[in-house]
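User: Hey, I'm new to this one. Could you walk me through it?

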Amino acid sequence: MDFVDFSHSFWSVIPPLLALSLAMITRKVLLSLSAGIIIGALMLSGGNVLNAARYVFSSVLSLVYTDGGLNADYTNIIIFLLLLGILTSLLTISGSNRAFVNWAQKHIKQKRGAKLLTVFLGVFIFIDDYFNSLAVGAIARPVTDKYKISRAKLAYLLDSTAAPMCVIMPISSWGAYIITLVGGLLATHAITEYSPIGAFVAMIGMNFYAIFALVLVFIVAIFSFDIGPMAHFERNAENAAAIEEDAQDGKLGRVRDLVFPILALIAATVSMMIYTGAQALAADQLPFSVLGAFENTTVGTSLVVGGGVSLIIATLCALSSKQISLKEYAIAYGLGAKSMIGAILVLFFAWTINTIVSDMQTGKYLSSLIGDSVSIGFLPVLLFILSAVMAFSTGTSWGTFGIMLPIAASIAVHAEPSLLLPCLSAVMAGAVCGDHCSPISDTTILSSTGASCNHIDHVTTQLPYALLVAAASAAGYVVLGFTLSGGLGFLTTAVVMIGLILLLKKRTTG
């Protein structure tokens with residue numbers, strides 16, 4: 001099918017903009033995404049309804065079956081979701097979750113401790129954002145329910161530790177991907193003063209959004225800094241948490257029956273990531289290294305293997321406890337799989353509209369908005385804003401990295417080579433910012449899933465926090481662009497964020 005070319009037209013942003021706007025207004029995610037998909041398909045086909053229908057069908061089919069076989073990138077994520085849903089259900093029915101809650105209650109005496117437990121788990125489980133959101137959600141959800149913390153707050157804690165940690169850690173799926181991209185850019189522009197890993201490490205301190213999003217998470221966890229809709233959800237959390245707690249009364253399992261499966265999940269996933277990466281290195285006749293393995297790993301396969309091993313361990317633990325019958329096993333498996341259907345549907349619709357956004361070349365149009373007349377000092381902040389808009393519109397950080405990092409490198413090398421790393425850092429920060437704000441982002445959807453929170457509730461409650469950090473980061477990138485000092489940019493971001501927090505705190509208490 002020949003597509004209408006929208007690469008230089010504002011019309012290319014219409015489908016994602018329509019979907020995002022409707023989602024916010026109607027709070028019906030599937031309906032809103034459907035509208036964006038239909039309009040986008042009609043626009044690409046030039047208004048031909050039959051061609052549009054064929055295009056949508058082939059786009060959806062390609063998510064499952066492509067090039068004569070299963071599309072492993074997407075099907076593995078679906079399988080992992082089902083495995084994790086079954087695992088969570090099994091831990092609940094066996095009483096392991098309740099046992100962990102009782103253990104936590106003896107060691108964690110207040111809400112603050114429950115929130116900090118979630119944050120620390122999110123910080124330390126940084127291998128992959130999907131894995132982070134879902135695994136930490138499964139562990140922390142019964143504890144946060146016990147201490148009457150809203151599901152919206154839990155989703156925020158998950159989302160705002162997942163991507164920010166992954167994007168600043170070299171040994172993560174994100175870090176490996178970015179290092180690979182940066183290595184290619186350094187080679188393309190014949191830059192030899194940095195190694196790819198050296199450039200990545202140097203950029204960590206200039207990724208203001210990721211760093212200060214993490215700082216804000218700790219502030220929210222320690223000081224209960226609730227702004228915007230989050231304050232409403234926290235006020236209503238006590239009754240909802242009490243109902244959830246009553247619903248879980250029944251069997252009291254063993255804490256180790258939860259700990260062993262989660263440790264198995266982490267160990268098996270990490271081991272498989274290294275193994276698949278090592279296989280790829282061997283196939284290319286390259287020497288093995290841990291970083292090289294993470295650069296070439298197959299994340300989806302690793303997640304499925306990790307989920308499968310964890311589920312086997314959980315089943316064996318439950319069998320050894322002799323607390324649940326075979327019928328209850330069957331119920332747990334069925335309920336667990338069923339609990340993930342909603343998230344899987346949202347993901348399918350989000351992936352489909354992402355395909356349409358890609359074919360309409362929305363990213364190419366947005367990237368063309370930076371012209372030659374822009375003052376050099378404003379490049380980092382403009383790249384930060386444009387990357388945020390692109391990630392928000394497309395729902396993908398990785399896609400934004402792929403489009404914007406080469407553009408940022410090319411602009412910086414030709415305009416002011418000393419701005420290369422600041423510009424690349426600004427793109428990374430903006431991509432994570434837009435990803436945090438977007439209702440069609442995979443990570444946002446899976447954070448809602450991990451917290452068992454209504455998706456739009458999560459989007460609307462996280463947005464004020466994301467915009468707060470974005471405003472402070474934008475100020476930091478202005479200073480960085482004109483001074484070329486990462487330290488001054490960092491300090492500016494910190495001062496502006498503290499000022500905004502104090503201002504908002506005064507308004508909410510005044």
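User: Let's start with helices H6 and H8. What's the handedness of their crossing?
Analyst: The crossing of H6 and H8 is right-handed. Keep in mind that this is a predicted model.

User: OK, and which residues make that contact?
Analyst: On the H6 side you have Lys115, Thr118, Val119, Gly122 and Val123. H8 brings in Lys153, Leu154, Leu157, Leu158, Thr161 and Met165.

User: At what angle do H6 and H8 pack?
Analyst: About 25 degrees, with the two axes 8 Å apart. For reference, H6 covers residues 111–124. Angles under 35 degrees count as roughly parallel, so that is how H6 and H8 are described relative to each other.

User: Got it. Switching topic: how many cavities of 30 Å³ or more does the structure hold?
Analyst: There's 1 cavity of 30 Å³ or more. The largest cavity has a volume of about 40 Å³.

User: Which residues line it?
Analyst: The lining of the largest cavity is made of Tyr156, Ser160, Tyr209, Ala213, Leu216, His436, Gln462, Tyr465, Ala466 and Val469.

User: And which elements give two or more residues to that lining?
Analyst: Those are H8 (151–168), H11 (208–223) and H24 (455–483). H24 gives the most, with 4 residues.

User: How does the lining split by class?
Analyst: It has 7 nonpolar and 3 polar residues, and no charged ones.

User: You mentioned H11 and H24. How do those two cross?
Analyst: Their axes come within 9 Å and cross at roughly 140 degrees. H11 and H24 are therefore oblique to each other, and their crossing is right-handed.

User: Who's touching whom?
Analyst: From H11, the contact uses Phe208, Tyr209, Phe212, Ala213, Leu216 and Val220. From H24, the residues are Tyr465, Ala466, Leu468, Val469, Ala470, Ser473, Gly476, Tyr477 and Leu480. By class, the contact of H11 with H24 divides into 13 nonpolar, 2 polar and no charged residues.

User: Nice. One more pair: how do H4 and H17 pack?
Analyst: H4 (residues 72–93) and H17 (residues 326–339) pack at an angle of about 135 degrees, with their axes 7 Å apart. That makes H4 and H17 oblique to each other, and the crossing of H4 and H17 is right-handed.

User: What's in that contact?
Analyst: H4 supplies Leu82, Gly85, Ile86, Ser89, Leu90 and Ile93. H17 supplies Glu328, Tyr329, Ile331, Ala332, Tyr333, Leu335, Gly336, Ala337 and Ser339. In class terms, the contact of H4 with H17 has 10 nonpolar, 4 polar and 1 charged residues.

Key
Residues are numbered from 1 along each chain as its sequence is written. This is a predicted model: local features need pLDDT of at least 70, side-chain atom pairs count only at pLDDT 80 or more; totals for chains, interfaces and linings use all residues. Side-chain values use heavy atoms; hydrogens and water are left out. On a 1 Å grid over the protein atoms alone, a cavity is a set of points where a 1.4 Å probe fits but cannot get out, and a pocket is an open set with protein on both sides within 12 Å along at least five of seven lines; lining residues have an atom within 4 Å of a point. Grid points are joined across faces, edges and corners, and a volume is the space filled by probe spheres set on the points. Ala, Val, Leu, Ile, Met, Phe, Trp, Tyr, Cys and Pro count as nonpolar, Asp, Glu, Lys and Arg as charged, and the others, Gly among them, as polar. Axes are lines fitted to C-alpha atoms, for helices over the stretch in contact, and angles run from 0 to 180 degrees between N-to-C directions. Angles under 35 degrees count as roughly parallel, over 145 as roughly antiparallel, 65 to 115 as roughly perpendicular and the rest as oblique. A crossing is left-handed if the near helix is turned anticlockwise from the far one by less than a right angle, and right-handed if clockwise. Contact means heavy atoms within 4.5 Å.
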